[in-house]
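Biologist: I am new to this structure and would like to go through it with you, one question at a time. Could you show it to me before we start?

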Amino acid sequence: MPTCPRCGTQGNFASSPAPKKSAARNIGIAAAVAIAVVIVALAIPSIVNIAMHQQSNPIITILQPQSQKPKTVPREELIQHALDVINKDRTDFGLPAVKLSSNEAAQFHAEDVFSTKQISHWTTSGEKPYMTYTRYGGDGSVQQNVAIAGFTANQYNECQTNVLLDCEKIDPLKTIDELEYEMMYKDKDCCNDGHRDNILNAHHTHVSIGIAYDQYYLALVQNFENDYGLNVAVNSGQVRVSGTLLSGTLDHIAIYYDEMPTPQVYEQNKHLLSYSAGELVATVVKPLPPGYYYKPADGYSIIEASRWATDGSSVDVAFNLAPAVNQDGVYTLFAAVKPDNSDDMFEVTSYSIFVHAQNSREG
C-alpha cells in the first residue's frame, strides 16, 4: 500500500494580522489507492437503496485580471481540459485514452474537499471513494487521485478578508496542468508514484473528474474506473454479478469490510493520504463437484456460488452474502479478472453494500 508522507502538506504562511502581507498558494496531492485483492467474499440479507444526492451542473468562474470582469464557462469545458491532459499523458506512454465517466462521485468529493480545505480520500461523512462511487450508481471499480492548490483554511479566510494582501490567485486551467504535472513527474518522493501509476494504469477505461475552486483554492479529484461490462444486483441478500466482459476471465469475487462511515471516521482518517480496501472477510468461488469441498481459510470465509456460469466473455454468478455478515458496516465486492494473456489480475467492480441492524440493508 503506497504511503504519501509529504503529500498535501500546507506551506508555512504567516497567520497574524499585519499592515501588508502576501502569500503564494500551496500544492498538495493525496496518493492513489492501490487495492491488493486477495480471494474474498461476503454476505448480506436484505438491502435498501441509498438515496442519490445528484449535484447540479454549476458554472465555473474563470478569474481574469482585476481590470476585466470575470468570465464564466460551463463546467464541462473545464472538465474536458482536465480529461485532455490525462489522455495526453496516457497516449505519450502508448496507452489508450480513457473516456469521460458520467459518475458524479468525483465532483461530490471535490466539493467536499473544497468545503473543508483538507485534502483527503475520505469524505466528511466518513466514506471512502468506492463507497461514494457506488452511491452514485457506479458498477465498475474505482481508484482515486486527489490534488489541491491553495491555502490552509486560516490563510484562505485571511486572503478572503484582505488580512493577507497579494495572495496568489488561481488560474484554473494552468492549475490543472500544474497538478497533473506534479502527479506525473514529481510523485516519486511524495507518493512512490502512486498517482502516476493510477494515471498510467493500462486497465482503466474511464475517468470521472471533479473540480471545485475559487480564486484562492482548487480541489481536483480523478476517479479512474475499470468498467468492463459487469453489473451487480442485490436482492434480500442474494447477489448477482452478470454481464459481458470487455476482456479477460472472471477469476474470483472478494469482499472487504469497513466500519460504517460517520463524521468520526472522517476525523480519524482525514490526514491519511492513501487508503486500503478494508478487511478481507470472505471470498466467493466456483462450486465444486459433489464429494469435493474447499479447505477452510484462515481469517476469512469461503462462499461457494449457487451459480457460476462463465461462457467466453459472458458472466452470470449468483451467491448469498448472508453467511459472511456478522456486524454492521460496509461490505465491498471486488470482482477480479485475469487478462487473456497474463496472470496480472485486476478488479472490475468495487460495489459497496451498507449493512444496518434489524436486517435493513443499503446497496
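Biologist: What percentage of the 363 residues of the protein count as buried?

Modeller: This is a predicted model, in which local features need pLDDT of at least 70 and side-chain atom pairs count only at pLDDT 80 or more, while totals for chains, interfaces and linings use all residues. Residues are numbered from 1 along each chain as its sequence is written, and side-chain values use heavy atoms, with hydrogens and water left out. Buried means under 20% relative accessible area, exposed means over 50%, and partly exposed lies in between, with a 1.4 Å probe and protein chains only. Of the 363 residues, the share that counts as buried is 55%.

Biologist: How many helices and strands does the protein have?

Modeller: Both are DSSP runs numbered from the N terminus, helices being H or I with at least four residues and strands being E with at least two. On that basis the protein has eight helices and 18 strands.

Biologist: Among contacts between residues at least 6 apart in sequence, what percentage join residues at least 24 apart?

Modeller: Contact here means heavy atoms within 4.5 Å. Among the contacts in the protein between residues at least 6 apart in sequence, the share joining residues at least 24 apart is 73%.

Biologist: Which kind of aromatic pair do Tyr-130 and Tyr-275 form?

Modeller: Rings of Phe, Tyr and Trp (its six-membered ring) pair if their centres lie within 6.5 Å, and planes under 30 degrees apart count as stacked, over 60 as edge-to-face and the rest as tilted. The structure holds nine aromatic pairs; in the one formed by Tyr-130 and Tyr-275, the centres are 6.3 Å apart and the planes are at 40°, which makes the pair tilted.

Biologist: How many residues apart in sequence are the parts that this pair ties together?

Modeller: Tyr-130 and Tyr-275 are both buried, and together with Tyr-256 and Phe-334 they form one aromatic cluster. Because Tyr-130 lies in helix α3 (residues 129–135) and Tyr-275 in the loop between α8 (263–269) and β11 (279–285), the pair ties together parts whose separation in sequence, in residues, is 145.

Biologist: Why is the pair of Tyr-228 and Phe-346 tilted?

Modeller: Tyr-228 is buried, as is Phe-346. Tyr-228 lies in the loop between β7 (217–226) and β8 (230–235) and Phe-346 in strand β16 (residues 346–347), so this pair ties together parts that are 118 residues apart in sequence. The pair is tilted because the ring centres are 5.1 Å apart and the planes are at 55°.

Biologist: Which side chain of opposite charge is nearest to the buried Arg-90?

Modeller: Arg-90, in helix α1 (residues 75–92), has a polar atom of its side chain 2.8 Å from the backbone oxygen of Ile-199. A salt bridge is a side-chain nitrogen of Lys or Arg within 4 Å of a carboxyl oxygen of Asp or Glu, and for charges Lys and Arg count as positive and Asp and Glu as negative, with His and the chain ends not counted. Arg-90 is buried yet has no salt bridge, and the nearest side chain of opposite charge, at 9.0 Å, is Glu-180.

Biologist: Over the face of which residue does Lys-117 lie at 4.0 Å from the ring centre?

Modeller: Lys-117, in the loop between α2 and α3, is buried without a salt bridge, and Asp-214, the nearest side chain of opposite charge, is 5.7 Å away. A charge sits over a ring if NZ of Lys or CZ of Arg is within 6 Å of the ring centre and within 35 degrees of the ring normal. The charged end of Lys-117 sits over the ring of Tyr-217, 5.3 Å from its centre. At 4.0 Å from the ring centre, Lys-117 lies over the face of Phe-114.

Biologist: How many residues apart in sequence are the parts that the Lys-128 and Asp-258 pair ties together?

Modeller: A search of the whole structure finds nine salt bridges, including one between the side chains of Lys-128 and Asp-258 (2.7 Å, N to O). Lys-128 counts as buried at 8% relative accessibility, and Asp-258 counts as buried at 7%. Since Lys-128 lies in the loop between α2 (105–116) and α3 and Asp-258 in strand β10 (residues 249–258), the parts tied together have a separation in sequence, in residues, of 130.

Definitions and conventions:
A polar contact is a pair of N or O atoms within 3.5 Å; within protein, one must be able to donate a hydrogen and the other to accept it, and residues adjacent in sequence count only if both atoms are side-chain atoms.
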